[in-house]
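Please walk me through this structure. I would like to know how its parts are held against each other.

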Amino acid sequence: MAAFDLEEQEQISQIKGWWEQFGTLVTGVAVAAAIASVGWQGWQWYQGKQSAEASALYGVLQKAASEKNAQKAREAAGTLLEKYNGTAYADMAALLSAKVQAEAGDLKNARVPLAWAASNASDPALRELARLRLATVMFDDKAYDEALAQLQAPTDESLTARFADLKGDILLAQGKREEARAAYKAVVSALEKATKSESAALREIAQAKLDAVGGAQ
């Protein structure tokens, strides 16, 4: 019995020694883990709250768009871009609001959300699409040089032909027929083997434009 007590005391002494050496570290790790867990849960809650609020606001924007209420759409989109810019709803709001403004003939205000999306949208493909639409609005506003500046070759190959087609239109509007011809030729070449109806239609349109400016000379 005495031997057992002695062994037990020795184990207790070892535990005490280990705790004196590593206790502070263990406590610190435990506290850090607890804080991290609470922080993660808090972040998840915040993200859920942001998403829910952004979703509701996007619904307001959609309703304004269906009613062709450009001012209300602009205000809803502005709030989304300012307060909920980390959500996917902000990206979609930028494109939808720009569409409403453009259809209302307000090209200046159509530019604002598109410029935001071209620089800040979370999806790279959406940034490229926003850039294309921004160039289109600038073209409609006769800001030709600004529009061309937006049409640097896209990284998304699916948009290459559409970029080139718009570039051709802008160049032709500037009286640069040779450069426009090269742009239209690039569209036709890029879509030479296109099978999708939309791509085939764009190829036919580009071919008609190419023929109108002298063909593929």
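**Salt bridges and a helix pair**

The structure holds 10 salt bridges, each a side-chain nitrogen of Lys or Arg within 4 Å of a carboxyl oxygen of Asp or Glu. This is a predicted model, where local features need pLDDT of at least 70, side-chain atom pairs count only at pLDDT 80 or more, and totals for chains, interfaces and linings use all residues. Residues are numbered from 1 along each chain as its sequence is written, and side-chain values use heavy atoms, leaving out hydrogens and water.

Start with Lys 209. Its side chain meets Asp 165 in a salt bridge, 3.1 Å from N to O. Lys 209 lies in helix α9 (residues 197–212) and Asp 165 in helix α7 (residues 160–173), so the pair ties together parts 44 residues apart in sequence. Helices here are DSSP runs (H or I, at least four residues), numbered from the N terminus. Lys 209 also forms a salt bridge with Asp 169, at 3.0 Å from N to O. Asp 169 is in helix α7 too, so this pair ties together parts 40 residues apart.

Asp 169, at 18%, is buried. Lys 209, at 22%, is partly exposed.

Now turn to helices α4 (residues 107–120) and α5 (residues 124–140). Their axes come within 8 Å and cross at roughly 155°; the axes are lines fitted to C-alpha atoms over the stretch in contact, with angles from 0 to 180 degrees between N-to-C directions. The two are therefore roughly antiparallel, the term for angles over 145 degrees.

Technical notes:
Angles under 35 degrees count as roughly parallel, over 145 as roughly antiparallel, 65 to 115 as roughly perpendicular and the rest as oblique. Buried means under 20% relative accessible area, exposed over 50%, partly exposed in between (1.4 Å probe, protein chains only).
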